[in-house]
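Here is a brief report on selected local features. Look over the model first, then follow the text.

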Amino acid sequence: MAVCFAAVLVWHLSSWSSDAIAGPLFSDVSADHPYAEAISDLADRGIIIGFVDGKYRPSDPVTRQQLAKMIVLAMGITVTEQDSHPYPDVSRDPNQGLYPYGYVAAASRTGLVMGYTDGLFRPLGLTTRMQLATIVVRAAETSLAILPSRWRGLLDYSDPSHGENLRRAEFGGLLKGIRDLQAWDTTRPVTRGELAQILANLLAVMDHSSSLNVTDYGAVGDGVTDDTGAIQRAIDAWPAKGTVVLPAGTFRVNSTVYLKSGITITGAGPGQTILYMPRQSSPTAILLGSGTSGVTVTGLTLCGSGAFTGNEYGISMAGAEDCTLSDLHLDDLRFGIKLGAGNMSSGWTVSDIVARDCRVALFLASCRNSTFTRLDLHGEYQPNNVHDHTVYIERDVTHCTFTNCTFSGGAGWALQFWGGENGATHHLTFNNTTVDATDGGYPIVVGGGFSDIALNSTTIYARSNTTEGDVIRFYGGQNIIFDGFTVTGGRTLALIGPRVAVSGGVFKNGTFDGLRLGGGKGVTFENVQR
């Protein structure tokens, strides 16, 4: 709902009285006033104004007609002269513009502030604090989380009409910043200063800046207790998007935690907040999402029982859009991050990821228009295993960019482009990439179905004692271009597999200290120093 700009232009017609005036600064609200920030914020937004004497009067009580206007403006509800209401004690006065009649009508129409059973609105009646709690809970309904069943705060919730809404308002952050909340008498009229603070909180909640702590839903974080259910309850508590906080600790999850659209999972930081999954008998993701959008996961370590002994995946998502992974550590997992292998994903932002001793640190398929920045991914090496790779980029990956990444280790290849023949993979760009296979298998392999891949400023370290000694092996590919590279180790820079077709492969502006460039049909070298 958009704010009616015509309504914003009628400040001279009064918010609180016929002679009130607009002004962002008030002589009776000092910088250290407990509600100064909220009052200033709402004044800047045009939701509150002061009086002709330049005061705001933060200790004055709030009338119902004043509340109607402020809640309507805060919620961005359109107010027009066509609005009407049934209350005989609030008359329409052309000389008063939209206040109070239009705002009372809009507040009543949207169910925010309603009349009494006798048919009256009582516009000059005072609003109690508990009544206000019910009103702001109505306003924030779709943004408030579901309460933990046993949660209790500081207030008295015994009132049969407003007690539960007081509880929801306190838990949901709507009463944040209220002075001496523990001693707050909810039966007394709310003041103008308190109303400003609560409406500022409402706007913050509507912007989904509030968060839930998994400990409020029963999580322990001792590394022994199964916290799966508690974390899931916290995620499911949000009716729409919201933030779930995992504080410092080790949260054991014996089964999958399911993500949903709009949710943000945030920890205290890698190494401080750990999601640990014990050994599973079959592939099981710690965090799983499918067809979601707007998911963010940040500030965590995800840990399994062992790359080659366990079946634990860190994060597995398919068909997801506009999601963010950042500031994560991945340890001892079969798959660190698995994106794709299902419906198409797009709009991913993945940054500042560290993976150690994972069987496959990153698996990517069915993904487009995404960015990957500052990835430091290490795959665990196991002799005689050529089937697992540090980074495995498969089919239907298009228009993705990798910047400032390091891929190291890997039982097979540190960076593998494979499976593209089952679906075109093209337009991938790698900028400033390090590929280090000195404690793994081989650096890079390119399969069929991959095209238009640019690797700019690439540093490669290869094992010098490998049987075949190839640095980049081609089993297909078109327009695979290495521009600006330094290769240390390995015997053959570019080896083309038997009976494969390669075209447009180019190595230029680089150095190689191995025995031979290799190459062949479809691969050329330009300005390569040895």
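Which backbone oxygen does the side chain of R109 reach? The structure is a predicted model. In it, the R109 side chain comes to 3.1 Å from the backbone oxygen of T78.

R109 belongs to helix α4, residues 101–109. Its relative accessible area is 47%, so R109 is partly exposed. Leaving aside residues up to four places away in sequence, R109 touches I77, T78 and D83. S84 lies 25 residues from R109 along the chain, and 8.5 Å separates their C-alpha atoms.

Next, the strand pairings.

| Strand pair | Sense | Bridges |
|---|---|---|
| β23 (residues 470–474) and β25 (residues 492–496) | parallel | four |
| β25 and β27 (residues 516–518) | parallel | two |

On the β27 side, R516 is the bridge partner of T492.

Rolling a probe the size of a water molecule over the atoms shows where empty space is left. One cavity of 30 Å³ or more is counted. The largest cavity has a volume of about 40 Å³. Its lining consists of I337, V350, I353, A361, L362, F372, L375 and L377. Strands β14 (349–358), β15 (360–364) and β16 (367–379) each give two or more residues to that lining. The largest share, three residues, comes from β16. By class, the lining has eight nonpolar residues, no polar ones and no charged ones.

Definitions and conventions: Residues numbered from 1 in each chain as written. Predicted model: local features only at pLDDT ≥ 70, side-chain atom pairs only at ≥ 80, totals over all residues. Heavy atoms only, no water. Pairing = 2+ DSSP bridges. Buried < 20%, exposed > 50% of the residue type's maximum accessible area, 1.4 Å probe, protein only. Contact = heavy atoms within 4.5 Å. Polar contact = N/O pair within 3.5 Å; in protein donor to acceptor, adjacent residues only side chain to side chain. 1 Å grid on protein atoms, 1.4 Å probe; cavity = no way out; pocket = protein on both sides within 12 Å on 5 of 7 lines; lining within 4 Å. Points joined across faces, edges and corners; volume = space filled by probe spheres on them. Nonpolar A, V, L, I, M, F, W, Y, C, P; charged D, E, K, R; others polar.
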